[in-house]
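Below is a briefing on selected local features of one model.

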Amino acid sequence: MASIALKSFVGLRHSTPLDSHSAAAAATKPAVPSHRRKVLRVQASKSSPRVTGRNLRVAVVGGGPAGGSAAETLAKGGIETVLFERKMDNCKPCGGAIPLCMVGEFDLPLDIIDRRVTKMKMISPSNVAVDIGRTLKPHEYIGMVRREVLDSYLRDRAAAAGSTVVNGLFLKMDLPKEKNAPYVLHYTDYNSKSGGAGEKKTIEVDAVIGADGANSRVAKGIGAGDYEYAIAFQERIRIPDSKMKYYEDLAEMYVGDDVSPDFYGWVFPKCDHVAVGTGTVTHKGDIKKFQTATRIRAQDKIEGGKIIRVEAHPIPEHPRPRRVLERVALVGDAAGYVTKCSGEGIYFAAKSGRMCAEAIVEGSENGKRMVDESDLRVYLEKWDKTYWPTYKVLDVLQKVFYRSNPAREAFVEMCADEYVQKMTFDSYLYKKVVPGNPLDDLKLAVNTIGSLVRANALRKEMEKLTV
């Protein structure tokens with residue numbers, strides 16, 4: 001696999017200076033297709049003018065893991081930072097799984113982690129269950145969090161570092177008409193005493209980080225282009241204590257056309273309830289039908305439960321065509337950083353927010369200089385170099401194993417292999433490509449081919465039965 005040449009993320013385009021007219025036009029014209037775009041390595045500009053009488057001002061739009069991490073890093077780096085979040089108690093329909101490395105890397109307190117999952121069940125379309133987790137070491141686990149708890153903690157930490165946190169709805173931004181002129185952000189401030197309607201306000205900043213999710217208004221403001229997205233639907237169900245005991249350290253994943261034609265259904269444990277959900281890109285109108293099927297598949301283990309919250313939200317399927325324009329950058333879901341196959345996004349959101357902020361802190365010399373597009377492209381180059389192979393591999397896995405029920409049966413069969421489990425967990429928990437044993441890699445390749453051959457034969461037999 002190391003010999004395969006992987007193309008870069010779309011979005012690494014040739015960077016040219018824009019005058020005031022072309023800067024405004026760039027936000028409305030469609031992004032150039034990736035196959036026509038040249039890739040140019042640019043270095044952070046140290047010739048940018050110094051900021052006088054104040055520090056660099058940056059607005060972070062969106063207070064999830066991406067925005068909270070970005071705002072904290074900026075504030076610690078001497079940047080005058082404002083973080084906007086409309087819904088301070090937002091409960092995004094998210095499985096809430098975080099890798100072990102995130103706990104240490106982002107210094108997360110253990111009391112915000114509801115459950116430490118050390119066992120998983122992968123359940124095939126025919127309800128064959130495979131136990132996963134036998135290769136985990138005693139200290140290793142997958143953390144389960146509630147987004148409203150994690151997001152609030154990261155925002156509070158950003159505020160403690162010096163960020164101004166505004167309970168406000170970002171509306172739009174006016175692009176600068178001159179080089180180094182400010183961006184003007186329009187927003188509704190709910191911190192004020194003007195009642196439920198809020199108060200319309202504006203603010204001038206030198207740079208903007210869009211961390212405002214799949215429906216990003218910041219992305220629209222720079223003409224970042226569209227992407228395919230999935231709909232995630234989740235119900236939080238409080239089940240009897242006797243049944244909750246089963247999910248104490250265990251999560252379940254269901255695959256099959258009944259729960260999703262292109263994703264999976266899940267039952268993930270939280271503090272005093274379970275999150276039951278599913279998602280799809282190709283059949284969004286049937287999402288409630290898939291959710292019902294997921295509940296039916298798990299019914300004997302969640303029977304007697306009470307639905308306490310219903311959530312739905314779009315989830316991006318690939319990066320946007322443009323992620324940086326002049327002094328505006330996108331991170332997290334706004335940039336499209338959710339992996340296929342697994343649907344993981346929390347770690348990558350927080351990591352991209354931090355990496356983008358670090359590039360701004362470095363390029364501005366801790367807030368003393370103006371930044372430009374070349375500074376923000378340092379973040380993009382570093383991100384793509386580090387994580388593009390992960391996204392590509394998971395994209396291939398989804399296309400191979402989620403295409404039919406027989407292929408899913410083969411996938412679950414393959415997950416029973418301890419070597420597969422070890423490689424999968426090591427890569428997931430530590431976000432590093434783990435070198436494998438050549439002999440075991442060869443055995444894995446043979447077994448994978450065998451599983452796919454059996455799956456193909458099963459598919460043909462099933463087709464005969466349906467004729």
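At 56% relative accessibility, Asp107 counts as exposed, where exposed means over 50% relative accessible area, buried under 20% and partly exposed in between (1.4 Å probe, protein chains only). The model is predicted: local features need pLDDT of at least 70, side-chain atom pairs count only at pLDDT 80 or more, and totals for chains, interfaces and linings use all residues. Residues are numbered from 1 along each chain as its sequence is written, and side-chain values use heavy atoms, with hydrogens and water left out.

**Positive phi in loops**

- Asp107 is not a glycine, yet has a positive phi of about 50°.
- The loop that holds Asp107 runs between α3 (100-105) and β4 (115-117); helices (H or I, at least four residues) and strands (E, at least two) are DSSP runs, numbered from the N terminus.
- Asn366, also not a glycine, has a positive phi of about 60° and sits in the loop between α10 and α11 (373-401).
- With a relative accessible area of 44%, Asn366 is partly exposed.

**Helix α4**

- Helix α4 covers residues 147-161, 15 residues in total, and reaches 21 Å from its first C-alpha to its last, close to the expected 21 Å (1.5 Å times one less than the number of residues).
- Buried residues of α4 include Arg147, Glu148, Asp151, Arg155 and Arg157, along with Leu150, Leu154 and Ala158.
- These buried residues pack against α2, β2 (80-85), β8 (164-174), β12 (229-238) and α10, contact being heavy atoms within 4.5 Å.
- Gly162 follows α4 and has a positive phi near 125°.

**Helix pair α2 and α10**

- The axes of α2 (residues 65-76) and α10 (residues 346-363) come within 7 Å and cross at roughly 30°; axes are lines fitted to C-alpha atoms, for helices over the stretch in contact, with angles from 0 to 180 degrees between N-to-C directions.
- The two helices, α2 and α10, are therefore roughly parallel (under 35 degrees; over 145 is roughly antiparallel, 65 to 115 roughly perpendicular, the rest oblique).
- Residues of α2 that meet α10 include Ala66, Ser69, Ala70 and Thr73, and among their counterparts in α10 are Ala349, Ala350, Gly353 and Ala357.

**Helix α13**

- Helix α13 (residues 418-430) has 13 residues and a first-to-last C-alpha reach of 18 Å, close to the 18 Å expected.
- Asp417 caps the N-terminal end of α13, with a side-chain oxygen 2.8 Å from the backbone nitrogen of Tyr419.
- Just after α13, Lys431 has a positive phi of about 50°.

Technical notes. Polar contact = N/O pair within 3.5 Å; in protein donor to acceptor, adjacent residues only side chain to side chain.
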